Amino acid sequence: QVQLVESGGGLVQAGDSLRLSCAASGRTFSRYAMGWFRQAPGMEREFVSAINWNGASTYYADSVKGRFTISRDNAKNTVYLQMNSLKPEDTAVYYCAAVAAGYYSGSFYQSRGSYDFWGQGTQVTVSS
């Protein structure tokens, strides 16, 4: 089992920045690839970004590419999502997720069903 706890959400204005964190416990963090998803009210949970076990490979949804940056610190068992130039349409609950490390395609990381463990989410609200 891997326990994931997100933090760093909040209420910001359009154009502001936020950094989300996801702290992992329970298993060796470096054995897991990590992803961020988000879910807006009435919408399906959608892929935002992912990172492989050592940070060498990263993936982004087109809607956040160039604005969001995913990173990880395996010594701190934490994955981050730096969000810049936030827009009202970024408003959602943001979830981190973990899947055992492997040689996966980008499409694998974009699928919710690929992940084995999920956090409880953190709310991000961007006002216009």
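**The whole chain**

The model is a predicted one. Following the cartoon along the sequence gives the order β-β-β-β-β-β-β-β-β-α-β-β. The radius of gyration is 13 Å, close to the 14 Å that the globule rule gives for 128 residues, so the protein is as compact as a globular protein of that length. Along the principal axes, the C-alpha trace spans about 40 × 25 × 25 Å.

Next, display the surface. The protein exposes about 6300 Å², and carbon and sulfur atoms supply 46% of that area. Of the 128 residues, 41% count as buried.

Hide the surface and turn to the interior. In soluble globular proteins, nonpolar side chains tend to be buried together. Here the largest nonpolar core has 37 residues; select L4, M34, W36, L81, M83 and Y94, which touch the most other members. Then colour the elements that give two or more residues to this core: β3 (18-25), β4 (32-39), β5 (46-51), β7 (68-73), β8 (78-83), β9 (92-100) and β11 (122-127). Which element supplies the largest share of the core? That element is β9, with six residues.

Centre the view on L81, a residue of strand β8. A relative accessible area of 0% places L81 among the buried residues, for which the limit is under 20%. Which residues does L81 touch, once those up to four places away in sequence are set aside? Show the side chains of L18, R19, L20, W36, V48, S49, F68, T69, I70 and Y94 to see them. Two of these contacts, W36 and Y94, are also listed with L81 among the core residues that touch the most other members. For a distance across the model, pick the C-alpha atoms of L81 and M43: the two residues are 38 apart in sequence and 21 Å apart in space.

**Two loop residues with positive phi**

Most residues other than glycine have a negative phi, and most peptide bonds are trans. Select N77 in the loop between β7 and β8. Although N77 is not a glycine, its phi is positive, at about 55°. N77 is partly exposed, with a relative accessible area of 28%.

Proceed to S85, located in the loop between β8 and β9. S85 likewise is not a glycine, and its phi is positive, near 50°. Is S85 buried, partly exposed or exposed? Its relative accessibility of 41% makes S85 partly exposed.

**Q123, in strand β11**

The last stop is Q123, which belongs to strand β11. With a relative accessible area of 40%, Q123 is partly exposed. Leaving out residues up to four places away in sequence, Q123 touches G9, G10, T91, A92 and V93. Finally, draw a line from the C-alpha of Q123 to that of Y95: these residues are 28 apart in sequence, and the line spans 9.0 Å.

Conventions. Residues numbered from 1 in each chain as written. Predicted model: local features only at pLDDT ≥ 70, side-chain atom pairs only at ≥ 80, totals over all residues. Heavy atoms only, no water. Core = buried A, V, L, I, M, F, W, Y, C linked by side-chain atoms within 4.5 Å. Buried < 20%, exposed > 50% of the residue type's maximum accessible area, 1.4 Å probe, protein only. Helix = DSSP H or I, 4+ residues; strand = E, 2+ residues; numbered from the N terminus. Rg over C-alpha atoms; globule rule 2.2 N^0.38 Å. Areas by Shrake-Rupley, 256 points an atom, 1.4 Å probe, with all protein chains shown as cover. Contact = heavy atoms within 4.5 Å.
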